[in-house]
Amino acid sequence: MKSFKDFFEKYEWDEVKSKLEKVTLSDVENSLQKKNKTIEDFLNFLSPVAAQKLELMAKMTQQLTQKRFGKTIQLYAPLYLSNECQNICTYCGFSLDNSIKRKTLSDTELMIEATVLKSMGVNHVLLVSGEANKTVGIDYFLKAVRLLKPHFANISIEVQPLSEEEYQQLHDAGVNAVLVYQETYHQEVYKEYHPKGKKSNFNFRLETPDRIGKAGIHKMGLGVLLGLEDWRVDSFFNALHIDYLQKQYWKSKFSVSFPRLRPAEGIIEPNFIMSDKDLLQLICAYRIWNEDLEISISTRENEKFRNNIISLGATAMSAASKTNPGGYAVDKESLEQFETSDERSMNEIKDIIKKSGYDPVMKDWDSVYNGI
């Protein structure tokens, strides 16, 4: 059976970059007018010249988002399980070559952290860990999910790539969504960012969403690390990946996130600076291209940007995030994966959403639609 790798290999990074540079304003205008958008239209929306149509694109994004998702913003919080990791990644605070205190939550510590999140009203939790298979592998994840399942309506995970069988086990245990980021689709330089560890295997990571889809996971989240390589080219490949997955695993739902490089222990500086205006253009490009795609905004972004994006395409936001294991109560001084930018409380974020004329939602979309 074919995988995304077969489609990916039909495209060349430099050719996509060249296409983006050749897009005309007329190309953008024609794509905006089309009823059914293609991946080529998405490329036009990403192009440098499309920035001239950003005001129109923002209005279209607002209308399309409200039509599909209403005036609601789903809220969630990450729960970091461990900062142990066997990979060396040049941009991550958890990297194996960083001499830091390592910590993995025990069952008791996990429940203490969960209790704090529940007191904040959190009902959708995202479990995150470094990639250390022996310490935090499938058995650890399954135990964590079973402990947390009675207390949260929705559990998502963002951990190392797993096998199809392991994703099936997580699905059976009650995991709703799996997030996995390729970081960059620029295969020629991928190894430079991931010199050691299982993550250095580009193709194994590339085919991870296929294994997630085959396991029947309800929702998949994709994205690239904005700042490593040219964000326009990387985002085209990310959308190409989503386009393939939606056709292949049509029963699953899909979301996209926009992690920009943030300060962390021992990381590199961004190779490509992405402005707030650029990020807005990218969000608009995704929404106009794909009305059903969920768009998630993390606390990596600053308060001003997050306030404004509420009415401009966002469907989900993290809030009150701690990016270190035990960060909510157990071990507040353990190493963070990266520094957050928006440090407001869950209640403050709820108030901002309400003042914007939107409703903060603490459960998954399906739960809302079903009246649960």
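Which helix is S235 found in? In this predicted model, S235 is found in helix α12, which covers residues 231-248. Let's start with that serine, then look at a helix pair, the salt bridges and the cysteines.

**S235 and its surroundings**
- Leaving out residues up to four places away in sequence, S235 touches F42, L46, V224, L226, L282 and Y286.
- D359 is another story: S235 and D359 are 124 residues apart along the chain, and their C-alpha atoms are separated by 29 Å.

**Two helices side by side**
- Helix α7 (residues 138-148) packs with helix α8 (residues 164-173) at an angle of about 10 degrees, and their axes are 10 Å apart.
- Angles under 35 degrees count as roughly parallel, so α7 is roughly parallel to α8.
- On the α7 side, the residues that meet α8 are I138, F141, L142 and V145; their partners in α8 are E166, Q169, L170 and A173.
- Sorted by class, this contact has six nonpolar residues, one polar and one charged.

**Salt bridges**
- How many salt bridges does the count come to? The answer is 18 salt bridges.
- One of them pairs K67 with E291, with the closest N and O atoms 3.2 Å apart.
- That pair links distant parts of the chain, since K67 sits in helix α5 (residues 54-69) and E291 in the loop between α13 (276-289) and β7 (294-297), 224 residues apart.
- K67 is exposed at 60% relative accessibility, while E291 is partly exposed at 29%.
- K247 and D243 form a salt bridge too, their closest N and O atoms being 3.2 Å apart.
- Both K247 and D243 lie in helix α12, four residues apart, or about one turn of the helix.
- K247 is exposed, with a relative accessible area of 62%, whereas D243 is buried at 18%.
- K103 and E109 join their side chains in a salt bridge as well, at 3.1 Å from N to O, and both residues are buried.
- Some salt bridges link up into a network, which connects E131, E183, K199 and R205.

**Cysteines**
- The count of disulfides comes to zero.
- Take C85: the nearest cysteine sulfur belongs to C89 and is 5.9 Å away, and a disulfide needs the sulfur atoms within 2.5 Å, so C85 is in no disulfide.
- C85 is buried, with a relative accessible area of 9%.
- C284 counts as buried too, at 0% relative accessibility.

Terms used. Residues numbered from 1 in each chain as written. Predicted model: local features only at pLDDT ≥ 70, side-chain atom pairs only at ≥ 80, totals over all residues. Heavy atoms only, no water. Buried < 20%, exposed > 50% of the residue type's maximum accessible area, 1.4 Å probe, protein only. Axes fitted to C-alpha atoms, helices over the stretch in contact; angles between N-to-C directions. Parallel < 35°, antiparallel > 145°, perpendicular 65-115°, else oblique. Contact = heavy atoms within 4.5 Å. Nonpolar A, V, L, I, M, F, W, Y, C, P; charged D, E, K, R; others polar. Salt bridge = Lys/Arg side-chain N within 4 Å of Asp/Glu carboxyl O.
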